[in-house]
Amino acid sequence: MKALITITVFAIVMIASARNGVAADAATNWSHQCASCHGKDGKGDTAMGKKLGVKDYHDAKVQAAFSDAEMERAIKEGVKTNGKETMKPFAIKLSNADIKALAAYIRSFKK
């Protein structure tokens, strides 16, 4: 559960910039919304990722710690840790299809 919260928090933090209303592919959404914390490669090796304790999405054990539904919910609703918002919700910025595609993109990092 703690790994899920951490992963979710960082994914939402990455999705901080607003969309222009045009659907983008998952890699573009990742680059614009997630990479600043999670890293372009999904390893979380960024200043913010280190500060927040972002997990390495290449690690199969990390990926096994959360379901697609949990990941999608975290992206949509955001993440709170100890009552503090650690990842903003992106339901307003991303469509359901974009969120599902982003979850699949995150799964593609797994080795």
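The dialogue below considers the salt bridges of this predicted model.

Me: How far apart are the N and O atoms in the salt bridge between Asp45 and Lys50?

Reply: The N to O distance for Asp45 and Lys50 is 3.2 Å. Asp45 and Lys50 are both exposed.

Me: Which residue forms a salt bridge with Lys100?

Reply: The partner of Lys100 is Glu72, with 3.2 Å between the closest N and O atoms. Because Lys100 belongs to helix α6 (residues 96–107) and Glu72 to helix α5 (residues 68–77), this pair ties together parts that lie 28 residues apart in sequence.

Me: Is Glu72 buried or exposed?

Reply: Glu72 has a relative accessible area of 14%; the cut-off for buried is under 20%, so Glu72 counts as buried.

Me: Which residues is Glu72 in contact with, leaving aside its neighbours within four places in sequence?

Reply: With those neighbours left aside, Glu72 is in contact with Ile99, Lys100 and Ala103. The side chains of Glu72 and Lys100 are also joined by a polar contact of 3.2 Å.

Me: What is the N to O distance between Glu85 and Lys88?

Reply: The side chains of Glu85 and Lys88 form a salt bridge at 3.5 Å, N to O. Glu85 is partly exposed, at 38% relative accessible area, and Lys88 is likewise partly exposed, at 48%.

Notes
Residues numbered from 1 in each chain as written. Predicted model: local features only at pLDDT ≥ 70, side-chain atom pairs only at ≥ 80, totals over all residues. Heavy atoms only, no water. Salt bridge = Lys/Arg side-chain N within 4 Å of Asp/Glu carboxyl O. Buried < 20%, exposed > 50% of the residue type's maximum accessible area, 1.4 Å probe, protein only. Helix = DSSP H or I, 4+ residues; strand = E, 2+ residues; numbered from the N terminus. Polar contact = N/O pair within 3.5 Å; in protein donor to acceptor, adjacent residues only side chain to side chain. Contact = heavy atoms within 4.5 Å.
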